[in-house]
Amino acid sequence: LGLWYSVTVAARRSQATMSLTDVVPPGVVTGDDLVKLLDHARANGYAIPAVNCTSSSTINACLEAAKKYNSPVMIQVSNGGGAFMVGKAIKDPNAAAAGSVALAMHVRSVAKYYGIPVVLHSDHCAKKLLPWFDGMLKADEEFYAKYGEPLFSSHMLDLSEEPDEENIAICAEYFKRMAPMKIWLEMEIGITGGEEDGVNNEDVDPEKLYTSPEQVYAVYDALSKIGDMFSIAAAFGNVHGVYKPGNVTLQPERLGKHQAYAKEKLGTDEEKPIFLVMHGGSGSTDEEIATAVKNGVIKMNIDTDTQWAYWDGVRAFEAEKHDYLQGQIGNPTGADKPNKKCYDPRVWLRAAEESMVVRCGASIEKLSAKDTYPAKVPEPGTLPTYNFQPANPVTAAAAQGMSAIKGAMHKVGL
């Protein structure tokens, strides 16, 4: 088993130096393919933009940007985003989970048409939102039983408001449930300031905005006993939303100290042994982002800036077409002229999408992900309209058996 583990690590390092198109297929990536993707990002010094989406329109804009800029992309949904997706009129306690599943199914239906790797992720889940997390995991389990992979690629637990011991313990319990399906877990230790999606940390103690190397390693030590598919959002002064320069002190160099501490504790030659993620990316400087990526960040969340970009597209369209949007009939070209070509939602929503594509592209460039995956767009008409295929029973059983073996190896420290 020790030899098998060593060979596996060596193989992962070898794949990380190959072209990403030779390692990871286009479409939604999960399990081993997701590990290969994140290994490649860490080894080659780039990070993947993770954009919060609330509709098929915002999803399509992100996918279009990734295709245009030849980059992998992460589509993520928040609790509020899931509730919006299912419809604000629905007050069912499972609405957020149902909407998140609907969003995931849309991504799975269209992702391969864009020819780039797509990670399906759920964003911040505080303790009070665990029923939402449970609902998505239930969907993962049902999807896995039928198709041999989970519905989502990864999920995030944000229990940073709880004591560290409780935070880590709850994450570990959920990770045990996720590991057999090869679902990636992202967790947060230390608090991201500001407010997002109903979680308000605007008045938090400033010291809690900076995670210590000891805290980060405590997470690694606990979760690595269960599996290796996890990442850590370590706070380094991050704040959700946008802010004036100078109002927030980001210290991404702290992430390098976390890596150095873990390297020493583990006695490894791996310079960046921990997968790190960056929250509160909106408003950060190019230098801060580059430093974070240099120190092992493989994912950066983007929400506020893309929200503004989407709206700004509509704002600009309305300003340009204002005189054509005051009624169904009548405009500067004539009192009896129709305006349908201007007020049709497909027209002004497209303007929003085009603006969001540009902003997503800017993040792809800032994260050095541009041209890491030349889009492999399929030949027209070659993809099945319905591309969900049941898993081969033998293959699915073998996959479950391998997951059990790996779980046992981690338990004994291999």
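## The chain as a whole

This is a predicted model, and every value given here should be read with that in mind. The secondary structure of the protein chain comes to 14 helices and 13 strands. Of its 414 residues, 50% count as buried.

## The largest nonpolar core

In soluble globular proteins, nonpolar side chains tend to be buried together. In this model the largest nonpolar core has 105 residues, and the members that touch the most other members are L37, L63, I75, V107, L223 and I232. The helix that gives the most to this core is α6, residues 130–147, with nine residues.

When its neighbours within four places in sequence are left aside, L223 is in contact with C171, A172, F175, L185, M187 and F230. L223 also belongs to the α8 side of a contact between two helices, where C171, A172 and F175 are among the residues on the α7 side.

## Helix α7 and its two partners

Two packed helices are described by the angle between their axes and the distance between the axes. For helix α7 (residues 164–178) and helix α8 (residues 213–223), the axes come within 10 Å and cross at roughly 30°. Since angles under 35 degrees count as roughly parallel, α7 is therefore roughly parallel to α8. The crossing of these two helices is right-handed. On the α7 side the contact is made by D164, I168, C171, A172 and F175, while α8 contributes Q215, A218, V219, A222 and L223. Sorted by class, this contact of α7 with α8 has eight nonpolar residues, one polar residue and one charged residue.

Helix α7 also meets α6, and here the axes come within 11 Å and cross at roughly 15°, which makes α6 roughly parallel to α7. The crossing of α6 and α7 is again right-handed. The residues making the contact are L130, F133, D134, L137, K138 and E141 of α6, together with Y174, R177 and M178 of α7. By class, the contact of α6 with α7 divides into five nonpolar, no polar and four charged residues.

## An oblique pair: α3 and α13

Helix α3 (residues 56–69) and helix α13 (residues 345–366) pack with their axes 8 Å apart and at an angle of about 45°. That angle makes α3 oblique to α13, and the crossing of the two helices is right-handed.

The contact involves a list of residues on each side, including S57, T58, A61 and C62 of α3 and L349, R350, E353 and M356 of α13. By class, the contact of α3 with α13 has 11 nonpolar, three polar and five charged residues.

Not counting residues up to four places away in sequence, G82 touches V77, A95, A96, G99 and S100. The C-alpha atoms of G82 and N94 are separated by 9.9 Å, and these two residues are 12 residues apart along the chain.

T291 lies in helix α10, residues 286–294, and counts as partly exposed because its relative accessibility is 23%. Leaving aside its neighbours within four places in sequence, T291 is in contact with P252 and E253. From T291 to Q251 there are 40 residues in sequence and 9.1 Å in space, C-alpha to C-alpha.

## Two loop residues with positive phi

Most residues other than glycine have a negative phi, and most peptide bonds are trans. Against that background, K182 has a positive phi of about 60° although it is not a glycine. K182 is placed in the loop between α7 and β6 (184–189), and at 17% relative accessibility K182 counts as buried.

S368 likewise has a positive phi of about 60° without being a glycine. S368 is found in the loop between α13 and α14 (393–411). Its relative accessibility is 44%, so S368 counts as partly exposed.

Terms used:
Residues numbered from 1 in each chain as written. Predicted model: local features only at pLDDT ≥ 70, side-chain atom pairs only at ≥ 80, totals over all residues. Heavy atoms only, no water. Axes fitted to C-alpha atoms, helices over the stretch in contact; angles between N-to-C directions. Helix = DSSP H or I, 4+ residues; strand = E, 2+ residues; numbered from the N terminus. Parallel < 35°, antiparallel > 145°, perpendicular 65-115°, else oblique. Left-handed = near helix turned anticlockwise from the far one by under 90°. Contact = heavy atoms within 4.5 Å. Nonpolar A, V, L, I, M, F, W, Y, C, P; charged D, E, K, R; others polar. Core = buried A, V, L, I, M, F, W, Y, C linked by side-chain atoms within 4.5 Å. Buried < 20%, exposed > 50% of the residue type's maximum accessible area, 1.4 Å probe, protein only.
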